[in-house]
Amino acid sequence: MSAVRSSPLHSAHEALKPMWITLNHMPIPLQFVPHEDVARQKLGLADVSFLSRFGVKGPGAGDWLRSQGVTPPAEINHWDAIEENGLVARLASTEFLVEDGLEGVTAARLAAALGRGLPGVTPVFRQDASIAITGSEINSLLVQTCNVNFNSFPMNERRLVMTSMTGISVLVIRKLSDGVPLYRIWCDGTFGACLWKTLLQVSQELGGAAIGINSLYPDLAKLKALSLR
Amino acid sequence: MKLMNCPINGPRPLQEFFYWGECRDMPNPDTCTDGEWVDYVFHRNGAPGVKKEWWYHMASGVWFIAVRDTQADEVKETYLYGAGPHHE
């Protein structure tokens with residue numbers, strides 16, 4: 001039996017009364033309102049805190065990741081894709097973040113392999129709030145909430161940006177999903193609800209909305225199957 | 001908006017940084033005189049001029065040195081501790 005986890009944003013979602021689904025033992029909004037794809041393409045905020053994460057740091061962390069079949073980026077503040085739409089990011093010269101995609105199991109495999117750590121390789125407990133922002137109007141949201149011009153570097157550089165958003169320290173990456181810009185944001189879980197509420201308020205002023213993960217992963221049958229995993 | 005250049009993350013607004021004070025070399029407490037130790041612990045140089053200071057980029061946790069003209073409030077250079085300023 002596994003414990004049920006709560007998203008750091010759970011309390012913020014409850015007031016919106018979404019339909020829920022449990023993934024990776026975490027209840028997460030499946031859908032807030034019908035026809036959310038319109039918001040996804042314009043300006044949508046989704047809680048993806050349920051995605052499995054694994055952090056590791058130490059002088060031997062990079063070599064250890066490579067020994068486990070995960071090749072981290074060579075440069076600090078960059079990320080690379082791994083299997084099943086996951087990613088591995090280099091947060092510092094000797095610190096890394098691995099996050100799985102919807103069906104990935106790499107983070108759990110690495111956590112099991114490392115256990116409580118090895119000399120020079122220390123696991124980092126990650127309980128981030130993780131938000132996905134999608135849509136063509138993202139820039140209008142970012143200019144009000146963040147000081148970094150993400151359009152100043154090409155998307156294919158796979159750069160990871162550490163900055164502050166609404167005064168909260170965040171990690172940000174951007175990519176394309178089905179041709180729609182998608183920004184991924186991580187922050188300390190205890191600041192998550194505050195960040196979410198502020199971003200959602202500004203998004204709503206711009207015609208955006210909260211969206212459930214069914215908008216990001218339209219295959220409902222697959223989601224339901226994963227909820228039983 | 002005031003910008004400062006983080007040696008790792010590049011130019012960022014000043015709100016992302018925290019000032020920690022002047023970077024001062026600590027005398028060896030085993031060999032220095034009491035006067036030198038008192039000077040290090042209690043005395044600060046408030047005269048404006050070009051100073052080396054500790055700064056911290058809060059979003060990424062990077063400590064670094066800024067060479068700042070405190071009279072003109074102009075940051076001349078930033079670098080990681082141990083990397084050394086280019087003009088030295």
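Which pattern does chain B follow when it is read along the sequence? Let me start there, with the reminder that what we are looking at is a predicted model. Read along the sequence, chain B follows the pattern β-β-β-α-β-β-β, and its secondary structure comes to 1 helix and 6 strands. If we take the principal axes, the C-alpha atoms of chain B fill a box of roughly 45 × 25 × 25 Å.

Staying with chain B, 4 strands form an open sheet in the order 3-4-5-6, with antiparallel pairing. At the edges of this sheet we find strand 3, residues 17–22, and strand 6, residues 74–79, each of which pairs on one side only. Neighbouring strands here are turned against each other by 35° on average, when direction is ignored. To look at one pair in detail, strand 3 of chain B is joined by 5 bridges to strand 4, residues 50–57, and the two run antiparallel; within chain B, Gly21(B) stands opposite Trp54(B), which belongs to strand 4.

Now let me turn to chain A, where 6 strands form an open sheet in the order 10-11-12-9-3-13, and where the pairing is mixed. Strand 10, at 161–165, and strand 13, at 209–210, stand at the edges of this chain A sheet with a single partner strand each, so one side of each is left without a neighbour in the sheet. Strand 3 of chain A, residues 44–47, and strand 9 of chain A, residues 129–134, run antiparallel and are joined by 4 bridges, and Asp47(A) has Ile131(A) in strand 9 as its bridge partner. Helix 5 of chain A, residues 138–145, packs on the sheet, where it touches strand 3, strand 9, strand 10 and strand 12, and its direction makes about 35° with that of strand 12.

What, then, lies between the two chains? Here 10 residues of chain B are in contact with 9 residues of chain A, and the two chains bury about 700 Å² between them, 51% of it on carbon and sulfur atoms. On the chain B side, Arg12(B), Glu16(B) and Ala59(B) lose the most area to chain A, and together they account for 50% of what that side buries.

Terms used: Residues numbered from 1 in each chain as written. Chains lettered and ligands numbered in written order. Predicted model: local features only at pLDDT ≥ 70, side-chain atom pairs only at ≥ 80, totals over all residues. Heavy atoms only, no water. Pairing = 2+ DSSP bridges. Contact = heavy atoms within 4.5 Å. Axes fitted to C-alpha atoms, helices over the stretch in contact; angles between N-to-C directions. Buried area = accessible area lost by both parts, 1.4 Å probe.
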